Amino acid sequence: MRGALLHAVGDEKLDIRDDFTLTPVGPEDVRVRIKATGVCHSDLSVLSGVLPMPLPVIPGHEGAGEVVEVGEHVKSVQPGDHVIISWTPACGDCPNCAVGQPFLCMTYVMKSFMEARFVYGGQSPAFGMAGCGTWAEEIIVPWQGAIKVDPEIPYEAAALIGCGITTGVGAVINTAKVRPGTTVAVVGCGGVGLSVIQGARVSGATTILAIDPLESKHELAKKVGATHACTPDQLTDAIATLTGGQGFDYGFEVVGKSAAIMTAWQATRRGGDVIIVGAGAMDDLVPLTAFNLLFEGKNILSSLYGGSDVRRDFPFFANLYKAGKLDLDSMISSRIRLADLNDAVAALRSGEVLRQIVVFD
């Protein structure tokens, strides 16, 4: 089968090849034929080494497809079911799962660093990003990582729910719990940033400011729910105009950079909530003083995978899409083939595209 392999961090090109095979399906595993998968900034972070993964690795973690085989102990899905892939399957037994935080479960994440699910060249093992590797035609995941979805949901939209939508909308609904009538600032208008904007709209925020240095992204941000847009150097004026100088009730950082976190901090009022959504580097320190942390009274909240329980939230977001409450179609900038992945990665690095979706035959 076909797939795209990263041999080493910093490689100029992915190795797109057609000689992959899968390891056998275990009793609690599900084999999925991938129908659509996103090209996400987190994938870029794997290519650059910001998100460490075992190598060689097949990137891709935002995907949807059809179940083709299940292990003997699997009861949740069966062949023919449409599923969304979760890159953080919840084991259900660890301390995080026990206290209702399945998005923090590390059981299968750690296992993915030790188990190579792919073989190429006849004998060489390869890992899947976060245990997934959706930039391949088929993958094997634990049954907790294949969540059944309404077959009426197009695979392209379902793939977005697998990461970008859940991360962004979930950050609003689950982590921040944005209240109707409040004000929201969103730093970064990529795919996840647009999802945050949509979550704020669905939650009833009355003022939603999209902040991005690329003015070309402002129009789409407004289309999906932002009431206003500005560049970072226009933020001070926007705070004065839209909040009377007080700042916003919620400031979301959706870039993964300390500078963007500080922009979100600046945008948020005293006593407001600053929500960190972007995946940043381990050596990127945030320059906040102890004085600021205490006397400004702001709450810093991290939102990993939107604080979601995917068994509940994947179907919920799918229903919002069916009801016309979430605009997922506008977020897809192009549909491409696997052979075009290197061009897609280059386009994503440029910052001018949103979600490119790889569509498999």
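Tutor: Let us begin with helix α3, which supplies four residues to the lining of the second largest pocket, the largest share of that lining. Please keep in mind that the model is predicted. The pocket in question has a volume of about 260 Å³, and of the 19 residues that line this second largest pocket, the closest to its centre are Tyr 108, Lys 111, Glu 115, Arg 117 and Pro 142. Two elements, α3, which covers 107-112, and strand β10, which covers 138-142, each supply at least two residues of the lining. Sorted by class, the lining of the second largest pocket holds nine nonpolar residues, together with five polar and five charged ones.

Together with Met 106, Phe 113 and Met 114, Met 110 makes a nonpolar surface patch of about 420 Å². Met 110 itself counts as partly exposed, because its relative accessibility is 45%, a value between the cut-offs of 20% and 50%.

The phi angle of Ala 130 is near 55 degrees, which is a positive value in a residue other than glycine. Ala 130 is buried, because its relative accessible area is 14%, and buried means under 20%.

Terms used. Residues numbered from 1 in each chain as written. Predicted model: local features only at pLDDT ≥ 70, side-chain atom pairs only at ≥ 80, totals over all residues. Heavy atoms only, no water. 1 Å grid on protein atoms, 1.4 Å probe; cavity = no way out; pocket = protein on both sides within 12 Å on 5 of 7 lines; lining within 4 Å. Points joined across faces, edges and corners; volume = space filled by probe spheres on them. Nonpolar A, V, L, I, M, F, W, Y, C, P; charged D, E, K, R; others polar. Patch = residues over 30% accessible without salt bridge, like charges linked within 9 Å, V, L, I, M, F, W, Y side chains within 5 Å. Areas by Shrake-Rupley, 256 points an atom, 1.4 Å probe, with all protein chains shown as cover. Salt bridge = Lys/Arg side-chain N within 4 Å of Asp/Glu carboxyl O. Buried < 20%, exposed > 50% of the residue type's maximum accessible area, 1.4 Å probe, protein only.
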